[in-house]
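Here's a quick tour of a predicted model. Have a look at it first, then read on.

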Amino acid sequence: MIKITRLFKNFGSLEVLKDIDLHVMPGEVVVIIGPSGSGKSTLLRCINRLEVATSGTIIVDGFDINDEKTNINFIRTEAGMVFQQFNLFPHMTALRNVTLGPIKVRKIPRAKAEKLGMDLLKKVGLGDKIHVHPDQLSGGQKQRVAIARSLALNPKVMLFDEPTSALDPELVGEVLEVMKVLAKDGMTMVVVSHEMGFAREVADRVIFMDDGVIVEENTPEKIFAHPQNERTMNFLKMVL
Amino acid sequence: MGFQFKYSVIWESIPTLLVGVKLTIWITFFGLLIGFFLGTLAGLGKTVRSQLLNKISAVYVETIRGTPLMVQVMFIYFGLPMAAGTRIPPLVAGVTAIALNSGAYIAEIVRGAIQSIDRGQTEAGRSIGLTRFQTVLYVIWPQAFKRMIPPLGNQFIISLKDTSLLVVIGVGELTRTGQEIIAVNFRAFEVWTTVALMYLVLTLTLSKLLAVTEKRLEIQT
């Protein structure tokens, strides 16, 4: 589903990603953990080209996303992105946030898009907030609308960039719950997160990144119980 | 012989002055309409990736901002026709000057408002597959426009008052009408007082209109 080969990314003279290789299989849930500044978010953002890789190839669903011939707007609909700060459109209702993509990008008729939007908002537990603007929603509700907004384009992959880091602790659970349902439904997911409980429970594979490289990757059972690398050990000791 | 304020002068000059008011409103309206269009183009031109459009917009804004409106008016009315070989009606020259001038300031208002919208909004728009243009149209512009209203109101009021400079090319707007009345009756104090009050009524009305618009946009979201 996602095949990243020899990916490098520099911001000026700062090397953020150094020779990253990563394959994600269809239906797989990959959780990326690591200290801040390790390049996790940048890696995720490279996958739908919010950041342009300095070198290397990224293939998403068979399309080379750094190829000029690839329609990047199309790829972005194939890889939905959920942001730490939600980034909902504040001037639109929850429903309009969700239907904008289907109507403007997929060219689905409004009535059909609204039906889809309502179904998705119900799915994330917000059937009663359809006509509410984001400023009247809690953080957890906002993030669930944001997930519905991405799902509305029927993506093949969902990318989550620290989706619960901006939430009050009591609101984290409701967002993780929605993500668990998605994972159970077979969605391919790449999640940058500090939620070790979620990683342990839902991930098929956990990747530990530090200083722009993938230090270690393994099943959650193995990586949490028997980390091989010293850097992984030190990191896990601090967060667990 | 003390000065005597003659109220009758005011009443007598009002009908003539109102003709000038009409023209002032007309010039302001069309000048700002075109100016808003120019300003939006130049403002967007400063935010797009094209270096060429950035440059063109910057040259326009800097040239207009860096020269006095009075000089621009005279350049357009007296200068350009010499080079082009045809005369421009004063009214056309006046509207053009107000449009070009306000456009440059509006460009900065537009640019500032657009750049004040969080980058995350653009990223969210792009990440659901919207093109750059669609992202600006549906996501950025509606939010930016709300932030533009207070500074736009300021600019509208400035431009309205700036139309008074068009006396130098003989456009019969409010200030010019006042001058003409004084040339006949020599009652400078009464007439300029009336003219000033009329400008004040116009600008206060404009302020009110903008406040209502702002309120309405507030309720909509």
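## Ground rules

Two strands pair if DSSP finds at least two bridges between them. Strands (E, at least two residues) and helices (H or I, at least four) are DSSP runs, numbered from the N terminus.

The model is predicted, so local features need pLDDT of at least 70, side-chain atom pairs count only at pLDDT 80 or more, and totals for chains, interfaces and linings use all residues. Residues are numbered from 1 along each chain as its sequence is written, chains are lettered from A and ligands numbered from 1 in the order written, and side-chain values use heavy atoms, leaving out hydrogens and water.

## The sheet in chain A

Strand E3 (residues 29-33) and strand E9 (residues 205-210) of chain A run parallel, joined by 4 bridges. Within E9(A), Arg205(A) is the bridge partner of Val30(A).

Both strands belong to an open sheet of 6 strands with mixed pairing, ordered E6-E7-E8-E3-E9-E10 (chain A). Its edge strands, E6 (79-82) and E10 (213-218) of chain A, each pair on one side only.

## Around Leu167(A)

Leu167(A) sits in the loop between E7 and helix H6 (169-184) of chain A. At a relative accessible area of 10%, Leu167(A) is buried (under 20%; exposed is over 50%, partly exposed in between, with a 1.4 Å probe and protein chains only).

Leaving aside residues up to four places away in sequence, Leu167(A) touches Phe86(A), Gly139(A), Gly140(A), Val172(A) and Val175(A) (contact means heavy atoms within 4.5 Å). Met179(A) is 12 residues from Leu167(A) in sequence and 15 Å away in space, C-alpha to C-alpha.

## Over in chain B

Phe30(B) is in helix H1 (residues 7-47) of chain B. Its 30% relative accessibility makes Phe30(B) partly exposed.
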